[in-house]
Structures are given as C-alpha cells and as structure tokens.
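Subject: Model handover and contact notes

Hi,

Here is the model for your set-up work. Please load it before reading on.

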Amino acid sequence: MCIRDSAHLTLVLLLLGAASGEPNSHAVRGSSMMAAVCSGTAPDGDFSKVELQSSEVPSPGWGQVLIKVRSSSVNPLDWKLIQDSFLPISMHFPRTMGTDVAGTIVGLGLGASRFKLGDRVWACLGKFKLLRLGMQLGGYAEYAVADEAQVGAAPEGMDLEDAGTLPLVGMTDLQALRKVGAPWAAGANWTVAITSGSVSYTHLRAHETPEHLVCRLLLEKKK
C-alpha cells in the first residue's frame, strides 16, 4: 500500500497500533510484521515512496530490547527525512521510518536487564547509527528494536496511544532546558515561553524542595 500524504501516514500508524493487539510475553523471532518502509527521498509533500510492507521482525542485539509497538507519531523530522531538499542528515534506503514508539517489551537481548517482559515503555529512536548510515528509526512498524538506554518506563496513568506522541518533543524540551542551565538554584525566577509547534504539546512544571529547585518535564498530552 502506497502512502499518499502525512494524514494517510498517520492513519496507517493508527491501524498498525490497532492490529498489534495485546502484547505477547515472548519474543517473536523469525516471524513477520507490517512496517511503513521508505525506498528513497522525494519532492516535498510526496509520500509515494513510503509503502506498507511485510518485513521480518527484528531481533534485539546486545543491550537491546524488542518493543511491540502500540503507537507512534508523525513529527516534522519524520517527513523531512524523506524530502529531497532536506540535506543536514544523509539517509540510507530502504528503511523503516519513525522516531517515536510506545508499547510493551516482548524480547530482551543479551545484557539487557533494566526491563522485563510485559513492561510498558516509550522510546525515541533518533540515535545516529554509523553502521546503518544515518538515524536509527524503525518506529513505524508492529515491532521495533531499541537500545535499552534509550527506553524509559511509560508514565503510569497515561495510555500508550498518548505516550507514543511524546518522546521526541519531550527530549527537545529537555535539551532546551539543559542549555539554559536547568535545574536552577533555589529561589531562581524564570519565565518559560513555549511557542507553537509539536514542542508546545509539552510544558514545564517546577517543584521547589527545601534543598533546591527541581525542574522536570510533565510529559502529558495538551488538553
């Protein structure tokens, strides 16, 4: 199936999540999955090189986990990576696209010990992989592999459909705060301005303890 535009791609991701159903408590090596695979770059707004294909389920390597994907999202970076005009990042094709994932752990590679089978997690698959000639990616599929260090426990009380929209924009917020010195000293008075765009779906909450002011991101969907 060929992807027509970003709205169609979003619909495909929803269908992939619905098809995944409840997580199994075992690895699925050797089986197949559906994935949104891009065969190359195209003019701006042209998604014709992204197709829904049957692919082999990846196997987690050393220190990696296999995630049964429940949801993902379409960030500006995701569609810019397949544009002819986007030059900052060189990509090797074909490859399964997608930076954000939320789902459950169904497989553990050797050396992976932070999580157990069935854990609810989220991750941003935006790491650069030299051997893969570009960004890691792989979120637009029924299963995705991630380095254990990239994965975090999904927030309690948040469903996985919402959790899949937040990893990349949440990390963008976190990086911006760290660049201006957060967490700040107790008593500091800061004004945080958040403009429009995907990052505006996250916001800052500050808690002051007797020792110091702790700043953290409240990763929740904007109401």
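First, the ground rules. This is a predicted model, in which local features need pLDDT of at least 70 and side-chain atom pairs count only at pLDDT 80 or more, while totals for chains, interfaces and linings use all residues. Residues are numbered from 1 along each chain as its sequence is written, and side-chain values use heavy atoms, with hydrogens and water left out.

Salt bridges

The whole structure holds three salt bridges (a side-chain nitrogen of Lys or Arg within 4 Å of a carboxyl oxygen of Asp or Glu).

- Arg 70 with Glu 161: the closest N and O atoms are 2.8 Å apart. This pair links distant parts of the chain, 91 residues apart. Arg 70 is in strand β3 (residues 64-71) and Glu 161 in helix α3 (residues 160-163). Helices (H or I, at least four residues) and strands (E, at least two) are DSSP runs, numbered from the N terminus. Arg 70 is partly exposed at 26% relative accessible area, and Glu 161 is partly exposed at 38%. Here buried means under 20% relative accessible area, exposed over 50%, and partly exposed in between (1.4 Å probe, protein chains only).
- Lys 127 with Asp 147: 2.7 Å, N to O. Lys 127 sits in the loop between β6 (120-124) and β7 (128-129), and Asp 147 in strand β9 (residues 143-147), so the bridge ties together parts 20 residues apart in sequence. Lys 127 is partly exposed at 34%. Asp 147 is buried at 12%.
- Lys 116 with Asp 119: 3.0 Å, N to O. Lys 116 is exposed at 53%. Asp 119 is buried at 17%.

Asp 78

Which residues does Asp 78 touch, leaving aside its neighbours within four places in sequence? They are Ser 73, Met 97, Gly 98, Thr 99 and Tyr 140 (contact: heavy atoms within 4.5 Å). Two of these contacts deserve a look. The Asp 78 side chain makes a polar contact of 3.2 Å with that of Thr 99, and one of 3.3 Å with that of Tyr 140. A polar contact is a pair of N or O atoms within 3.5 Å; within protein, one must be able to donate a hydrogen and the other to accept it, and residues adjacent in sequence count only if both atoms are side-chain atoms. Asp 78 lies in helix α2 (residues 76-80) and is buried, at 6% relative accessibility.

Charge over a ring

The charged end of Lys 80 sits over the ring of Trp 79, 5.9 Å from its centre (NZ of Lys or CZ of Arg within 6 Å of the ring centre and within 35 degrees of the ring normal).

Best wishes
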